[in-house]
Amino acid sequence: MDVVWEWFQWLNSEHGIKLTIFYDEWDRNRFFGGIWTTIHLSLVCMALSIVIGMGGAWLQMSKFIWIRRIVQGYIQFFRNTPPLVQLYFFYFAVDSALASVTGIEGGVFSSYGWAVISLSFFAGAFNVEIFRAGIESVPKSMVEAADSLGFTSFQVFCYVTMPLAYRVCLPALNNNLINLIKTTTVAYAIAVPETLYISNQIWSDEYNVPEMMNVVWGVYIILVGILVTIMHRWEKSIRVPGFGN
Amino acid sequence: MSTKTDWSADQPIVSIKDVYKSFGELEVLKGINIDVMKGEVICIIGPSGSGKSTLIRCINALNDINSGSIKVKGMEVNDSELDKLELRKEVGMVFQQYNLFPHKTALENIMMAPLKVLNQPIKEVEEKARQLIERVNLVGKESSYPGELSGGQQQRVAIARSLAMNPEVMLFDEVTAALDPETVNEVLLAIKDLAQKGMTCILVTHEMGFAREIADHIYFTDRGVIVEHGPPATFFTEAKDPRTQEFLSQIL
């Protein structure tokens, strides 16, 4: 590995391209720590947003109109307001309100915690709509066929509706999760040490803004590329002839 | 649950009495009476919108009825306490659009209900499914998805899927209406085979030649009522009602 580090040092001394994140151990550690935070934050938010999406889609099928209205209100609120404003709202307003109610000093959750909550609800709102659209795309006649074979409504949901709905959902879900990865950069604003925040610290210390900007592009292109590859493989593996394509 | 009632083979296996059904303002069935004995083959014919499909959908409770009574093997279908599973074990249904599960292979489509609904052991279910595939003449297509099969093949899988539940009565809702002409025959042959082996069948159909050949009794419906009925030998030649005569003259 030392050869690689030395090469970057040479690149700096000969050509003035200053990528300290490769040869300065302190910068390297905090930078890769930042990438790890981005990955971690993305994965946790993806998982939670999918859970929220499924729960919301299920609640939207409720026969009680006020339950459906609450879900609809949640979707409208999180879909129609900027994610940065939502993050500030949670981090500053909700946190201090909770702190005064509970008496916990120094905030109820860390900035990372509020980023997880805020971004999960943000992406979750879109997921509710995506899953609902998927469920509604399953032909009623398919459900009737299962009914007439004696399936209970829960069995119909598990064995017919869900398997068909998620095949329809995947492309839209894919898009939303890509968006989520990109939106994790707003956590910068409340000092979550993710990729952009750390990069900013490094270019402030080392005066290497152009180099670090390019590195940040590269990091997000690679992270999103990995997700896209995984999702496409998944889409391909569950494709069945004559359905949804 | 009040489902098991005493029923004996000398009583109709399906008994429809004075059934009324409306969708909102629209009255679709206006006092229908039909009795079907075990092993009988009944064809219901009539112009579009005459309530034929609604009627057979009521028999396995896909539609509820407003008044009257439908009994299958003594079970009252119009009873809110009815255990629908018990009903649907007795009544199989085949649809116009096949409605196979597109994410399952032909064999899996047939195996699904016995596995999940009846919780039968997989080995037994698979053996039975393979026999059914053979019965509907689809050997070699076991692992094809519905999207890879022709309409006629899909419809035969759908028939096999219903038979896998060992029903006493089979309902066929215009099962050849969506098929290419050249595949209609293979589906009719599969139904004929069933009928000849003693399955009780209720068919809604536009295939008059077929109805004439296999039906024990033909019912002609128009605007929600049974206009005329009789055995095929007399029905087609001695229709009395002008509406029946007009319908037959258009179709034959």
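**Four-stranded sheet, chain B**

I began with the open sheet of 4 strands in chain B, whose order is E2-E1-E4-E5 and whose pairing is antiparallel. I looked for its edges and found strand E2 (26–36) and strand E5 (75–76) there, each with a single partner strand, so one side of each is left without a neighbour in the sheet. The model is a predicted one, and I read every entry here with that in mind.

I then followed strand E1 (residues 14–23) of chain B, which pairs with E2(B) in the antiparallel sense over 8 bridges. Within this pair I noted B:Val14, whose bridge partner in E2(B) is B:Val36. I also noted B:Tyr20, which stands opposite B:Lys30 in E2(B). The two strands form a hairpin with 2 residues between them. In the turn, I found B:Gly24 with a positive phi of about 60°.

**Six-stranded sheet, chain B**

Next I traced the open sheet of 6 strands in chain B. Its order is E6-E7-E8-E3-E9-E10, and the pairing is mixed. At its edges I found strand E6 (91–94) and strand E10 (225–230), each with a single partner strand, so one side of each is left without a neighbour in the sheet.

I went through the pairings around E7(B). E6(B) and E7(B) pair in the parallel sense over 4 bridges, and here B:Val91 has B:Val169 in E7(B) as its bridge partner. On the E8 side, 5 bridges join strand E7 (residues 169–173) to strand E8 (residues 200–204), and the two run parallel. B:Val169 has B:Thr200 in E8(B) as its bridge partner, and B:Asp173 stands opposite B:Val204 in E8(B).

**Is E7(B) buried or exposed?**

I counted 5 of the 5 residues of E7(B) as buried, so the strand is largely enclosed by the rest of the structure. I checked its faces separately. B:Val169, B:Leu171 and B:Asp173 are buried on one side, and B:Met170 and B:Phe172 are buried on the other, so to speak of cover is to speak of both faces of E7(B). As a general point, side chains in a regular strand alternate between the two faces of the sheet.

**Helices on this sheet**

I looked at which helices lie on the sheet. Helix H1 (residues 52–59) of chain B lies across strand E3 (41–45), E6, E7, E8 and strand E9 (217–222) of chain B. Helix H1 of chain B runs at about 150° to E8(B). Helix H5 (residues 151–163) of chain B also packs on the sheet, touching E6 and E7 of chain B. The direction of helix H5 makes about 170° with that of E6(B).

**B:Ala190**

I picked one residue of helix H6 of chain B, B:Ala190. B:Ala190 has 22 C-beta neighbours inside 10 Å and counts as buried, because 20 or more are enough for that. Leaving out residues up to four places away in sequence, I found that B:Ala190 touches B:Val136, B:Arg156 and B:Ile159.

**Contact with chain A**

I turned to the interface, where 21 residues of chain B are in contact with 18 residues of chain A. Helix H2 (84–90) and helix H3 (106–116) of chain B each supply at least two residues of the side of chain B that touches chain A. I sorted the residues of that side into 12 nonpolar, 5 polar and 4 charged.

**Confidence**

Last, I looked up the scores. The predictor gives the complex an ipTM of 0.89 and a pTM of 0.82. Chain B averages a pLDDT of 91, with 98% of the residues scoring at least 70. Chain A averages a pLDDT of 93, and 99% of the residues score at least 70. In chain A, confidence is lowest in helix H1 (residues 2–15), at a mean of 89. The highest confidence in chain A is in helix H4 (residues 65–79), at 96.

Conventions: Residues are numbered from 1 along each chain as its sequence is written. Chains are lettered from A and ligands numbered from 1 in the order in which they are written. This is a predicted model: local features need pLDDT of at least 70, side-chain atom pairs count only at pLDDT 80 or more; totals for chains, interfaces and linings use all residues. Two strands pair if DSSP finds at least two bridges between them. Two residues are in contact if their C-beta atoms, placed from the backbone, lie within 7 Å. Axes are lines fitted to C-alpha atoms, for helices over the stretch in contact, and angles run from 0 to 180 degrees between N-to-C directions. Ala, Val, Leu, Ile, Met, Phe, Trp, Tyr, Cys and Pro count as nonpolar, Asp, Glu, Lys and Arg as charged, and the others, Gly among them, as polar. pLDDT is the predictor's confidence in each residue, from 0 to 100. A residue is buried if 20 or more other C-beta atoms lie within 10 Å of its own, exposed if 12 or fewer, and partly exposed in between; C-beta atoms are placed from the backbone.
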